[in-house]
Amino acid sequence: MNTGMGNTYCQSCGMPLARDEKGGGTEADGARSVKFCSHCYAEGRFTMPDLTVGGGVNWQNRTFQDATGPDGETHRVSQGSTALVDLFTRYQVTKQLSVQANINNLFDRTYYSWLSDYAVYGEPRNVSVSANYTF
Ligand SMILES: [Zn+2]
């Protein structure tokens with residue numbers, strides 16, 4: 001099949017459009033989509049919501065540090081091993097619009113990101129949501 005599309009890949013799933021048995025998805029008016037394959041996109045709509053979920057776990061080993069407080073006394077600051085879990089999810093709402101949410105420190109563990117002469121608490125759990133719109 002030679003449709004003149006060359007090495008064009010589905011913008012949703014990454015499949016080469018040249019390997020799409022239908023030659024690509026279809027727009028609402030029936031025109032062939034040059035961006036999305038027939039599995040992802042038909043009649044101007046995504047056949048399945050394009051949901052992407054990812055994440056990571058950062059492991060911090062047990063650590064401690066002797067610190068001298070303002071009162072001149074030395075305290076031992078320590079923490080056990082901590083797993084910090086980050087998640088992100090991306091949802092393709094329409095062809096142009098995708099929404100991404102990031103959740104950092106999912107279990108809201110209190111941890112020290114830095115142990116030195118003083119302890120700094122790491123970021124508490126936070127959620128950020130961003131929307132991307134492509135024209
Ligand atoms: Zn696709």
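Predicted model: local features only at pLDDT ≥ 70, side-chain atom pairs only at ≥ 80, totals over all residues.
I'll start with the overall make-up. The protein has 10 strands and 0 helices, so in order from the N terminus the elements read β-β-β-β-β-β-β-β-β-β. It has 135 residues, and 12% of them count as buried. As for contacts, take the ones between residues at least 6 apart in sequence: 40% of those join residues at least 24 apart.

Next, the core. Which residues make up the largest nonpolar core? There are 6 of them: Cys 10, Leu 17, Phe 36, Cys 37, Cys 40 and Tyr 41. In general, nonpolar side chains in soluble globular proteins tend to be buried together. Cys 40 is one of the core residues. If we set aside its neighbours within four places in sequence, Cys 40 is in contact with Cys 10, Ser 12, Cys 13, Gly 25, Phe 46 and Thr 47.

Now Glu 43. This residue sits in the loop between strand E1, residues 41–42, and strand E2, residues 45–46. Is Glu 43 buried or exposed? It is exposed, because 12 other C-beta atoms lie within 10 Å, and the cut-off for exposed is 12 or fewer. Its phi is near 55 degrees, a positive value in a residue other than glycine. Most residues other than glycine have a negative phi.

Last, Tyr 91, which belongs to strand E6, residues 82–92. Tyr 91 has 15 C-beta neighbours inside 10 Å, so it counts as partly exposed. From C-alpha to C-alpha, Tyr 91 and Ala 101 are 8.6 Å apart in space, and they are 10 residues apart in sequence.

Key
Residues numbered from 1 in each chain as written. Helix = DSSP H or I, 4+ residues; strand = E, 2+ residues; numbered from the N terminus. Buried ≥ 20, exposed ≤ 12 C-beta atoms within 10 Å, placed from the backbone. Contact = placed C-beta atoms within 7 Å. Core = buried A, V, L, I, M, F, W, Y, C linked by C-beta atoms within 7 Å.
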